[in-house]
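Please look over the sequence and the model below. The text then goes through some of the strands and their partners.

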Amino acid sequence: MLQIDLWKRVVIWAVCAIGLLLAVPNAFYTKVEQHNDALAAIEVSGSNDELDAMAAQWPGFLPSSLVNLGLDLRGGAHLLAEVKVSDVYAARMKAFWPEVRDALRPERATIGTIRLQPSAGDVLRVRISEPDGMARAMEVVRGLAQQVVSLSGVGSSDIEVSGADGILTVRLSEAEKRATDERTMQQSLEIIRRRIDEVGTREPTIQRQGTDRILIQVPGIGSAAELKAIIGTTAQLTFQPVIGRGSSPDANAGVGNEILPSLDEEGTFYTLEAAPVVTGEELVDAQPAFDQNGRPAVNFRFNPAGARKFGDYTAENIGNPFAIVLDSEVISAPVIQSHIPGGSGIITGNFTVEESTNLAVLLRAGALPAGLEFLEERTIGPELGADSIKAGQVACAVAFIAVLVFMFLSYGTFGLFANIALIINVGLIFGLLSMIGATLTLPGIAGIVLTIGMAVDANVLVFERIREELKSAKGPARAIDLGYEKALSAIIDANITTFITAVILFVMGSGPVRGFAITLGLGILTSVFTAIFVTRLIIVMWFERKRPKTLEV
C-alpha cells in the first residue's frame, strides 16, 4: 500500500527547500554580486558608508553564493602566454658566480687569479691566470654540483664543467634544464594564479598548454590590457651590494657589476654588484605598514635561508651601503648601521598607501621566474555574453514549456505533478551549482536544456507502468505502488549509464566539455531524486486526500 513515513517526508521537503534557497540568489544576480564585492572590499580596506550600503542590498541571513558565469557568458579577457624559460638559465648562472668565486679563491696558489668573462645564456666563463691549474679548478667547481631532482634526471649532476685555453666553462646539464623547465612552468602557473586571486576575480581558467605556454582566461575583467598589467608586473626584489654612486648611466660598471637608476632621486645612478645577496624568492611575507615618520612602507620577512644570508652580510658590512632593488630600480640604499638578525626589515620610499599595499601584494605573490611573451590576447565584451545568456534563457524556456505542455496533455493530473517536480529539479540544479561554486558556460546551459528534456523520462516510465497495472484490474493504490516498484530498476539503469558518460566527459575533457559534464551529471542526480521521491510524495499526498476509486493516467 501507499505509505511514506513522516521522517522521510520531512527529509524530502527539507532537501527541496535547501536546494531552492541556495538557488534564490541567482534570480538577483547583479544585486548579490554587488553585495559580495562590497563585503570583499570591506574586508580588505575597512568599512565605509558606501560599501555598507552596497552590502546591505542583500539580506545577510540569506545565502549569497552564485553560479559563476564563464568567459563566454560574462565577458572578460583571454591570453595565451609563452614563458621564456631561457631567462631562468641565465639568471641561474648569474647567481652561481659568487659560489664559484668563493670556492676558487682558496686555490689561488694553484690556479692564479680568477676573472669573470662576458657570457650569455646558460654558460658561465671564468678565466684563470695559471692554465696548469685548470684540472684543479675543474675539480673544485665540480664539487659544487648538486643532484638533479626530477623524473627525467634522477641522480644526474646539475652542471657540466669543462676547461680550455685558460677559460673554465660552466653550463647547465640537459637534465637540469628539463627539471628547470618543469619547475619554471609550475611556479609561473602558481604565481599567475595567486596574482589574479589577489585582485578578487572569480573562477579564472589558468592551465598549461604544451611545454612552455600558459592559457589564461578571466571572466569579468575589463580588458586584456588590464589582465596583462596584473600578470606582467614582475615585482622582482633583490638586495645588492653598492660599489658606487654617480650621475651617468653610461659609466663603465666593470665585469660582474651593473648600473641601475634611483627610483626617488632623478638623475642618480648606482653601480651595484650584479649578483644579489638575497632575492625576493626568499621572502615569506610582506605587509603594508608605516615607518617611524608615519610614511607608507612595506615590512618584509625572509625564510630561514634568506634570513641567514641577510644576517651574515649585514654583520660583515657594517658601515657600507646596501641597495634595495625593485624591478631594476634602486628604491633605497641605506647604510648598514648594525647586524640585522632575524631576517626581517622594512622598505621605505616615496610610496602612497595604495602603492605600498600593491607592492606588498606583488611581493607576497612572488616574482615570475621568467618573462612572459603574450602570443594571443582577446577581450570578450559583455554584449556577447548577454546575447548568449538571452539565447540560453530562450532555449531553456522553450524546452521547459514544451515539456510541461506535453506532460500535462499526455498524463493529465499526474503530468501536472511531474511538472511541479521538474520545476523543483531545475531549482535544485542551480542550488547545487551555487553550492560548489561551479562556472556556467554555454555548454553548461546546453547540459541544463538536455536535462530538462531527460528529467521527465523517469516519470514517463512510472506512469506508463501504472497504466499497465491499471489494465490488470488492480486498484489505484496498488497500481501506483507497483508502477514505482517495477519501473525503479529501469530508471536506475538508464540514469547510471548516462551518469557514467558524464563522469568520463568530466575526467577526460577540459574547459567547455567539463562544463557540459557538470550540469549533465548534477541534472541526472536531481532528476532521479525528484522522480523517485518528490513526484511519488506529491502523488501519495494527493491520493491520501482525494481517495479516488479510479485513475486516469
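What follows covers an open sheet and then a strand with its two partners.

The model is predicted, so local features need pLDDT of at least 70 and side-chain atom pairs count only at pLDDT 80 or more, while totals for chains, interfaces and linings use all residues. Residues are numbered from 1 along each chain as its sequence is written, and side-chain values use heavy atoms, with hydrogens and water left out.

Strands are DSSP runs of E with at least two residues, numbered from the N terminus, and two of them pair if DSSP finds at least two bridges between them. The open sheet has 3 strands in the order β13-β14-β17, and the pairing is antiparallel. Its edges are β13 (283-290) and β17 (344-348), each of which pairs on one side only. Strand β14 (residues 296-302) is joined to β17 by 5 bridges in the antiparallel sense; within this pairing, Val-298 has Ile-347 of β17 as its bridge partner.

Strand β9 (residues 237-246) runs antiparallel to β15, with 5 bridges between them, and Pro-241 stands opposite Phe-322. Strand β16 (residues 329-332) is also antiparallel to β15, joined by 3 bridges, with Val-330 of β16 as the bridge partner of Val-325. β15 and β16 form a hairpin with 2 residues between them, and Asp-327 in the turn has a positive phi of about 50 degrees.

Notes: Helix = DSSP H or I, 4+ residues; strand = E, 2+ residues; numbered from the N terminus.
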